[in-house]
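Here are my notes on the disulfides and one of the helices, as promised. Have the model open while you read, and go through the points in order.

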Amino acid sequence: YTILSKVHSDRNVYPSAGVLFVHVLEREYFKGEFPPYPKPGEISNDPITFNTNLMGYPDRPGWLRYIQRTPYSDGVLYGSPTLENVGKPTIIEITAYNRRTFETARHNLIINIMSAEDFPLPYQAEFFIRNMNVEEMLASEVLGDFLGAVKNVWQPERLNAINITSALDRGGRVPLPINDMKEGVYVMVGADVPFSSCLREVENPQNQLRCSQEMEPVITCDKKFRTQFHIDWCKISLVDNTKQVSTFQEVIRGEGILPDGGEYKPPSDTLKSRDYYSDFLITLAVPSAIALVLFLILAYIMCCRREGVEKRNMQTPDIQLVHHSAIQKSTKELRDMSKNREIAWPLSTLPVFHPVTGEIVPALRADSYDNTSMPLMQTQQ
C-alpha cells in the first residue's frame, strides 16, 4: 500500500493571553481529504487520530494541551496562553491519520497571541466539577452554561475562563467504568470584582470543620449549580491578587554559600615524576616480612617443641601407668556389657491383645513355653 500525504491550507487564530483558548479538530473537516473507498451508498466513518506538535519540535508548547478520547471523536487543543508568547506567532503542525487507509492529511494552525486588557484579572476562583470530563467541559455550550451560573452568583462586570485542567493531571485516579463515573475537571475563572458572599461561605469555620470531616458544606448558592454541575465546595480555591505581597528577598551570603574563588586554573602539563619504590616497601614488603617471621615462629612451636607420648610415659611413674591401664580396661568391659543388655526384646515377648475380647494376652516367655511349638499369635476362635 502507499501512504499519501496532503497539505491543507493554514488557519490563523487570535487568542488572548490569560484567557482560555479552545480549538476543536473536527473529523468531518478532515474527511474530505481522504477518498471515499467504501462501496457506493455506504457512509464512510473511518477512525481518524491526530498528532499535534510545535513546528520544528516533537511536542507542543507547555501551555497547550491536547485530548481525543477515541478515534471516532473530535480532538481538542486547549490551554491558557502566557504573556511571554504575546506577539510571537506559534505554528502548530496538525497531522490527521486515517486508521483504515493509512493516509495522512496535514495543515498548520497559526496561533497569534494577543495581549488582553486588565491582565491578569485580580480575583480568581477555581472550581472542581465532579460530574464532568475535560472534553465535555470544553464544549462551548457547556462552558457557557457554567460561566453563566458563576456570573449569576458572582455578579462581575468582566468574567473570563482562565484555564481548564483534568483531575488526572492533578494526581487524580482514573474512575471505574461503572455508573458512568467521571474523572472530574478543575475550572479557573477570573473576575474584576471581589468575591461574593456566597463564595466566601466556604471559608466559614463551620464549613471548614465539615470539610475536615469529609462532609458536604452548607452553601446557599449551590442549588444554582446543582441542576447541571456537581461542585465540590471543599476543593474551591479563592485567590485575591490585590492582597498578595511580593515575597522576593535579597539573597544574603552566609556560611552556606561558597565565596567566589575566581576563574579555574588547571594544573600545568609538565608534572614532575615521582618514585613509588619507597611506597611499595612500606605498603607491601614490610607487612609481608612481618607475616613471614610470625609464621616461622608458630611453625617452630607447633612442630619442633612437641614432647610426644613416649617422653610422657618415661616421665610418669609405673604404678600410675598401671592404674590408668586398669581403669581403661574396666571401662571398656562395662561398655561391652551395657551394649549386650540394650538388645531389644523379640516380638514374641511383647504383650498382644485378644482379637475378639480386646484383653491383653500374656507375653510368651522362653522359660514357660516352648518356642518351637508355640505360635507367635494365638489362633482366633
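1. Cysteine 211 counts as buried because its relative accessibility is 18%; buried means under 20% relative accessible area, exposed over 50% and partly exposed in between (1.4 Å probe, protein chains only). Its partner is cysteine 234, with the two sulfur atoms 2.2 Å apart in a disulfide, that is, a pair of cysteine sulfur atoms within 2.5 Å. Cysteine 234 has 33% relative accessibility, so it counts as partly exposed.

2. A word on the source: this is a predicted model, where local features need pLDDT of at least 70, side-chain atom pairs count only at pLDDT 80 or more, and totals for chains, interfaces and linings use all residues. Residues are numbered from 1 along each chain as its sequence is written, and side-chain values use heavy atoms, with hydrogens and water left out.

3. The torsion about the S-S bond of cysteine 211 and cysteine 234 is about -85°, so this disulfide is left-handed. Cysteine 211 sits in helix α5 and cysteine 234 in the loop between α6 and β12 (237-240), so the pair ties together parts that are 23 residues apart in sequence. Helices (H or I, at least four residues) and strands (E, at least two) are DSSP runs, numbered from the N terminus.

4. How many disulfides does the rule give? The count is two, and they follow the pattern 1-3, 2-4, with bonded cysteines counted along the chain. Cysteine 198 and cysteine 221 are also joined, with an S to S distance of 1.5 Å. Their link is left-handed, with -70° about the S-S bond. Cysteine 198 belongs to helix α4 (residues 197-200) and cysteine 221 to the loop between α5 (205-212) and α6 (223-226), so parts 23 residues apart in sequence are tied together. Both cysteine 198 and cysteine 221 are buried.

5. Now for helix α3 (residues 140-154). Its 15 residues should span 21 Å at 1.5 Å a residue, and the end C-alpha atoms are 21 Å apart, which agrees; the expected span is 1.5 Å times one less than the number of residues.

6. Which residues of α3 are buried? They are Val142, Leu143, Phe146, Leu147, Ala149, Val150, Val153 and Trp154. These residues cover an arc of only 155° around the axis, which puts them on the same side of α3; the arc is that of the directions from the helix axis to the C-beta atoms. On the other side of α3, Ser140 and Glu141 are exposed.
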